[in-house]
2 protein chains.
Amino acid sequence: MASDTAALTPPRGEVPTGGFEVVMTHLTDAILDRTFPSGSRLPTERQLAADLRVSRSAVREAIKVLQAQGTITTAAGPAHGTRISTTAGHAFGRMLRLHLALGSADFGELTDTRVVLERAAVAAAARMATPEALEPARELARRMSSVTGSEEFSVLDTDFHVALASLGENRLISDLTVAIRQAVAPIIRDAQRVLPDWELLRQRLVREHVGILDAVAARRDDEAADLTEQHIRGAHAALRIDKESGAVEQD
Amino acid sequence: MASDTAALTPPRGEVPTGGFEVVMTHLTDAILDRTFPSGSRLPTERQLAADLRVSRSAVREAIKVLQAQGTITTAAGPAHGTRISTTAGHAFGRMLRLHLALGSADFGELTDTRVVLERAAVAAAARMATPEALEPARELARRMSSVTGSEEFSVLDTDFHVALASLGENRLISDLTVAIRQAVAPIIRDAQRVLPDWELLRQRLVREHVGILDAVAARRDDEAADLTEQHIRGAHAALRIDKESGAVEQD
């Protein structure tokens with residue numbers, strides 16, 4: 001994307017190759033220039049096809065693509081219809097997971113990116129979070145202290161890091177951290193399942209979560225960031241996950 | 001995406017709502033379990049439709065979605081056909097630009113995220129980049145010293161930050177930094193266009209780029225990271241871009 005419009009619209013003067021491109025160009029332009037603001041309802045498929053003189057299947061294809069991007073959502077019920085999204089949704093997580101499978105980012109790269117983002121999020125949280133804002137993460141940490149199964153622990157662990165990343169109040173950092181945590185979740189869960197001394201590691205992770213929360217609550221931002229990095233890297237080392245393949249290392 | 005497969009496949013036991021979902025599930029599963037590894041060619045549209053007993057339009061819709069995600073690419077020529085991607089492509093940039101328009105991330109959040117990622121990238125570059133690896137960024141910095149037009153400067157500026165972010169060798173950090181830089185490019189370019197003392201700022205930006213490169217070359221990682229942050233935040237302040245709206249602030 002050398003210029004800012006190249007990836008969204010066909011180059012000027014070039015004839016679009018089909019109805020799909022016409023619809024994509026129309027809808028993305030309308031979103032970018034705020035003709036269709038966040039939360040607004042799209043015209044019907046029939047209406048769009050008539051307005052743009054394209055087939056309804058071309059409209060349907062473009063809508064599928066925008067849904068997959070998290071740009072528009074379709075809901076049933078009283079608020080039914082296709083609307084412009086108000087949140088980024090989980091589109092990032094889906095993309096990251098596929099790119100991990102494709103090898104265009106490996107486990108080590110995802111981990112390093114997560115560390116950079118989560119350090120920033122917890123440091124920001126330590127500078128501004130109120131005791132009330134910390135409560136959801138505290139509650140998750142409490143529940144994790146009594147859950148011993150690796151499967152259930154893994155779900156709570158993802159939720160804990162999501163709650164922590166949300167405290168920084170930067171929605172993009174939070175969305176990206178969540179996406180990476182979810183992309184690596186199956187790797188971490190599989191490694192936990194085969195670890196012989198899982199119970200020891202579990203207790204250590206529980207203690208570390210409490211330590212991070214205490215540093216955030218005490219507004220010690222550098223310490224909270226350092227503890228978060230040690231926690232993530234230490235867990236991966238203990239789980240013996242290979243940085244390139246994401247597989248559990250064998251003796 | 002509470003579990004790792006929820007967002008990619010319909011819940012077990014639930015009947016997919018149409019051919020599109022059948023194709024998406026089949027293709028994403030095949031990518032995730034490496035049945036279709038990176039670079040491999042997809043079966044033809046006709047073949048997929050027959051294998052999965054769905055319509056060809058359902059196959060076409062799923063392929064459009066995977067293309068928009070950057071998961072598959074379609075090329076003409078000797079290597080023609082639809083293949084599983086080998087790079088993340090520019091799908092992130094497209095998504096970020098739309099989310100910026102939708103208000104699910106504002107200019108300030110994009111900037112803070114970019115600062116966090118680009119600090120990490122230049123610090124990593126300072127720890128490992130060779131003089132040869134630095135050469136493309138050096139060449140861009142040289143060209144920027146003689147280009148006075150804000151339009152051409154803006155293109156080189158994007159390329160410079162892309163070259164810098166690539167030096168860290170973490171492909172995900174680099175892809176995300178590039179995506180954010182490209183998402184904010186039109187905002188920065190428009191602000192440069194209306195700035196009365198653009199020439200003064202231009203000269204300052206040129207000096208700052210050289211300063212960052214010198215710190216990277218001298219392997220001073222903390223200094224390179226600090227200079228990068230000051231450069232980005234200082235430029236936005238000088239350009240008087242409002243953090244929430246992304247508009248140029250008026251007196």
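A residue counts as buried when its relative accessible area is under 20%, as exposed when it is over 50%, and as partly exposed in between (1.4 Å probe, protein chains only). The model is predicted, so local features need pLDDT of at least 70 and side-chain atom pairs count only at pLDDT 80 or more, while totals for chains, interfaces and linings use all residues. Residues are numbered from 1 along each chain as its sequence is written, chains are lettered from A and ligands numbered from 1 in the order in which they are written, and side-chain values use heavy atoms, with hydrogens and water left out.

**Chain A in outline**

- Chain A has 10 helices and 2 strands; helices (H or I, at least four residues) and strands (E, at least two) are DSSP runs, numbered from the N terminus.
- Along the sequence, the elements of chain A come in the order α-α-α-β-β-α-α-α-α-α-α-α.
- Chain A has 251 residues, and 53% of them count as buried.
- Among the contacts in chain A with a separation of 6 or more, 66% are between residues 24 or more positions apart; a contact means heavy atoms within 4.5 Å.

**Helix packing**

- In chain A, helix α6 (residues 131–146) and helix α7 (residues 150–166) have axes that come within 9 Å and cross at roughly 160°.
- That angle makes α6(A) roughly antiparallel to α7(A); angles under 35 degrees count as roughly parallel, over 145 as roughly antiparallel, 65 to 115 as roughly perpendicular and the rest as oblique.
- Axes here are lines fitted to C-alpha atoms, for helices over the stretch in contact, and angles run from 0 to 180 degrees between N-to-C directions.
- Residues of α6(A) that meet α7(A) include A:L140 and A:M144, and their partners in α7(A) include A:F153 and A:F160.
- In chain B, helix α9 (residues 198–217) packs with α10(B) at an angle of about 165°, their axes lying 8 Å apart.
- This makes α9(B) roughly antiparallel to α10(B).
- Among the residues of α9(B) that meet α10(B) are B:L201, B:H209 and B:V216, while those on the α10(B) side include B:L227 and B:H231.

**Nonpolar cores and buried residues**

- The largest nonpolar core has 95 residues, and A:F160, A:V216, B:F160 and B:V216 have the most contacts inside it.
- A nonpolar core is a set of buried Ala, Val, Leu, Ile, Met, Phe, Trp, Tyr and Cys residues joined through side-chain atoms within 4.5 Å.
- Residues up to four places away in sequence aside, A:V216 touches A:V122, A:A125, A:A126, A:L134 and A:A224.
- Another core, of 42 residues, lies apart from the largest one, and its members include A:L48, A:A58, B:F20 and B:A49.
- B:V65 lies in helix α3 of chain B and is buried, at a relative accessible area of 1%.
- Neighbours within four places in sequence aside, B:V65 is in contact with A:K64, A:V65, A:A68, B:F20 and B:M24.
- The C-alpha atoms of B:V65 and B:M24 are 8.7 Å apart, and the two residues are separated by 41 residues along the chain.
- B:H236, in helix α10 of chain B, counts as buried at 9% relative accessibility.
- Residues up to four places away in sequence aside, B:H236 touches B:F107, B:T111, B:R114, B:I188 and B:I241.

**Salt bridges**

- Side chains of opposite charge can pair when their charged atoms come close.
- A salt bridge is a side-chain nitrogen of Lys or Arg within 4 Å of a carboxyl oxygen of Asp or Glu, and the count over all chains is 42.
- One of these is formed by the side chains of B:R60 and A:E61, at 3.8 Å from N to O.
- B:R60 is in helix α3 (residues 56–68) of chain B and A:E61 in helix α3 (residues 56–68) of chain A, so this pair joins two chains.
- B:R60 is partly exposed, with a relative accessible area of 34%, whereas A:E61 is buried at 8%.
- B:R114 and B:E118 form a salt bridge at 3.0 Å from N to O.
- Both B:R114 and B:E118 lie in helix α5 (residues 107–128) of chain B, 4 residues apart, about one turn of the helix.
- B:R114 is buried at 3% relative accessibility, and B:E118 is buried at 0%.
- B:D221 forms a salt bridge with B:R127, with the closest N and O atoms 3.0 Å apart.
- B:D221 lies in helix α10 (residues 221–238) of chain B and B:R127 in helix α5 of chain B, so the pair ties together parts 94 residues apart in sequence.
- B:R127 is exposed, with a relative accessible area of 52%.
- In chain A, a network of salt bridges links A:D112, A:R119, A:D226, A:E229 and A:R233.
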